[in-house]
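This briefing walks through one protein model, topic by topic, for a reader who is new to structures. Please keep the sequence and the 3D view at hand while reading.

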Amino acid sequence: MELVLIRHFQTPGNGKGQYIGSTDEPLDETKIPGPAADYPKVDQLAVSPMKRCIQTAGIIYPGVEGRVCPLLREIDFGEYERRTYEELKNEPAYQRWIDSGGLGAFPGGEDRRVFQERCMQGMEELMAYLIKQKCKRAAAVVHGGTIMAVMSAYGPKDKSFYHWQVKNGDGYLTEIDEREWIAGRRMFQNIRSLWQTKESEER
């Protein structure tokens with residue numbers, strides 16, 4: 001099975017460099033990119049419950065009903081929601097979080113380890129459903145943090161959490177061996193950048 005992981009299109013807060021996690025912000029309509037035909041066609045569609053993902057999925061895959069996956073929503077940035085690095089850089093608590101490599105909980109928010117475990121649970125529930133449906137290719141329209149969480153869990157072990165950062169509208173195309181996954185050997189294989197994949201197909 002192939003799985004396409006897509007980060008939602010840009011929101012106003014993304015454009016300002018704000019931390020947008022639990023804030024249910026819609027898309028910036030001036031930043032919606034080109035034709036949906038650029039994205040791979042899929043048999044099944046999954047989507048985070050946040051507006052920005054539901055809107056993005058509707059643009060890329062019009063008329064395709066998405067399976068809403070609440071566990072794949074973005075991390076809750078707590079007191080840092082809607083704030084920028086420039087606004088936070090002189091706060092000691094924020095600097096300690098930066099120095100930790102982004103580990104630990106945000107003040108009033110979610111711990112990254114707990115977030116990753118949540119995303120893994122959501123991905124495993126989704127994969128169980130897709131395997132049962134005998135899906136050949138599925139897309140999940142989610143968040144940058146969600147993609148980093150699942151890629152660092154199921155991708156190559158020598159790659160860090162932040163290695164998997166992607167821009168709005170970008171993502172990864174991966175392959176899953178269903179028999180291996182069911183047996184508990186869960187990994188993403190043949191991982192390719194979504195944009196690089198599309199460019200190579202156009203040549």
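In this predicted model, Tyr-172 has Ser-193 as its bridge partner in β6. Tyr-172 is also the partner, in β5, of Leu-5.

- In general, the strands of a sheet pair through backbone hydrogen bonds, and they do so either parallel or antiparallel.
- Strand β5, which covers residues 171-175, runs antiparallel to β6 and is joined to it by three bridges, and in this pairing Leu-173 stands opposite Arg-192 of β6.
- Strands β1 and β5 also run antiparallel, and five bridges join them.
- Four of the five residues of β5 are buried, so this strand is largely enclosed by the rest of the structure.

- Asp-170 is placed in the loop that lies between α6 and β5.
- Is Asp-170 buried or exposed? Its relative accessibility is 13%, and because buried means under 20%, Asp-170 counts as buried.
- Leaving aside residues up to four places away in sequence, Asp-170 touches Leu-5, Ile-6 and Arg-7, and it also touches Ser-193, Leu-194 and Trp-195.

**The helix α6**

- How many of the residues of α6 are buried? The count is 11 of the 11, so α6 is largely enclosed by the rest of the structure.
- The buried residues of α6 include Gly-144, Gly-145, Ile-147, Met-148 and Tyr-154.
- These buried residues of α6 pack against the strands β1, β4, β5 and β6, and they also pack against the helices α5 and α7 (178-182).

**The largest pocket**

- The largest pocket holds about 660 Å³ of space, and of the 23 residues that line it, Tyr-19, Phe-77, Met-148, Tyr-162 and Gln-165 are the closest to its centre.
- Met-148, named here in the pocket lining, is also one of the buried residues of α6.
- Two helices, α5 (112-132) and α6 (144-154), each supply at least two residues of this lining, and the largest share, three residues, comes from α6.
- Sorted by class, the pocket lining has 11 nonpolar, nine polar and three charged residues.

**The cavity**

- A search of the whole structure finds one cavity of 30 Å³ or more, and about 30 Å³ of space lies in the largest cavity.
- The elements that give two or more residues to the lining of this cavity are β2 (44-47), α5 and β4.
- Among the residues that line the largest cavity are Leu-3, Gln-44, Leu-45, Ala-46, Leu-126 and Leu-130, together with Ala-138, Ala-139 and Ala-140.
- By class, the cavity lining has eight nonpolar residues and one polar residue, with no charged residues.

Notes: Residues are numbered from 1 along each chain as its sequence is written. This is a predicted model: local features need pLDDT of at least 70, side-chain atom pairs count only at pLDDT 80 or more; totals for chains, interfaces and linings use all residues. Side-chain values use heavy atoms; hydrogens and water are left out. On a 1 Å grid over the protein atoms alone, a cavity is a set of points where a 1.4 Å probe fits but cannot get out, and a pocket is an open set with protein on both sides within 12 Å along at least five of seven lines; lining residues have an atom within 4 Å of a point. Grid points are joined across faces, edges and corners, and a volume is the space filled by probe spheres set on the points. Ala, Val, Leu, Ile, Met, Phe, Trp, Tyr, Cys and Pro count as nonpolar, Asp, Glu, Lys and Arg as charged, and the others, Gly among them, as polar. Two strands pair if DSSP finds at least two bridges between them. Buried means under 20% relative accessible area, exposed over 50%, partly exposed in between (1.4 Å probe, protein chains only). Contact means heavy atoms within 4.5 Å.
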